[in-house]
Amino acid sequence: MLVNEISAASREQTGGIEEVNRAIADIDRSTQQNAALVEQAAAASESMRDQTRRLNALVSAFEV
């Protein structure tokens with residue numbers, strides 16, 4: 001019957017939409033994790049830059 005086919009198609013479509021929603025949620029989580037990692041990398045880079053400046057200042061006291 002047509003009603004049964006419509007019902008089955010609706011269930012299938014609902015399943016597809018739920019799968020897409022899960023995929024989008026996974027992508028969102030990955031994006032947030034990547035953003036956090038980028039922030040950590042930027043902070044580590046800045047820290048290394050500061051340490052390099054201090055080391056350069058200390059090493060400049062020596063003559064080669």
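E46 and R49 pair up through their side chains in a salt bridge, 2.6 Å from N to O; the term covers a side-chain nitrogen of Lys or Arg within 4 Å of a carboxyl oxygen of Asp or Glu. Both residues sit in helix α1, three residues apart, about one turn of the helix. Helices here are DSSP runs (H or I, at least four residues), numbered from the N terminus. E46 has 33% relative accessibility and R49 has 40%, so each is partly exposed, that is, between buried (under 20% relative accessible area) and exposed (over 50%), using a 1.4 Å probe and protein chains only.

A word on where this comes from: the model is predicted, so local features need pLDDT of at least 70 and side-chain atom pairs count only at pLDDT 80 or more, while totals for chains, interfaces and linings use all residues. Residues are numbered from 1 along each chain as its sequence is written, and side-chain values use heavy atoms, with hydrogens and water left out.

In total, the structure holds three salt bridges. Here they are side by side:

| Pair | N to O distance |
|---|---|
| D26 and R29 | 2.2 Å |
| E46 and R49 | 2.6 Å |
| R53 and D50 | 2.8 Å |

Take D26 and R29: they are three residues apart in helix α1 (residues 2–59), which means about one helical turn separates them. D26 is partly exposed at 42% relative accessible area, and R29 is partly exposed too, at 45%.

R53 and D50 also lie in helix α1, three residues apart, about one turn of the helix. R53 is partly exposed with a relative accessible area of 48%, and D50 is partly exposed with 29%.

Notes: Helix = DSSP H or I, 4+ residues; strand = E, 2+ residues; numbered from the N terminus.
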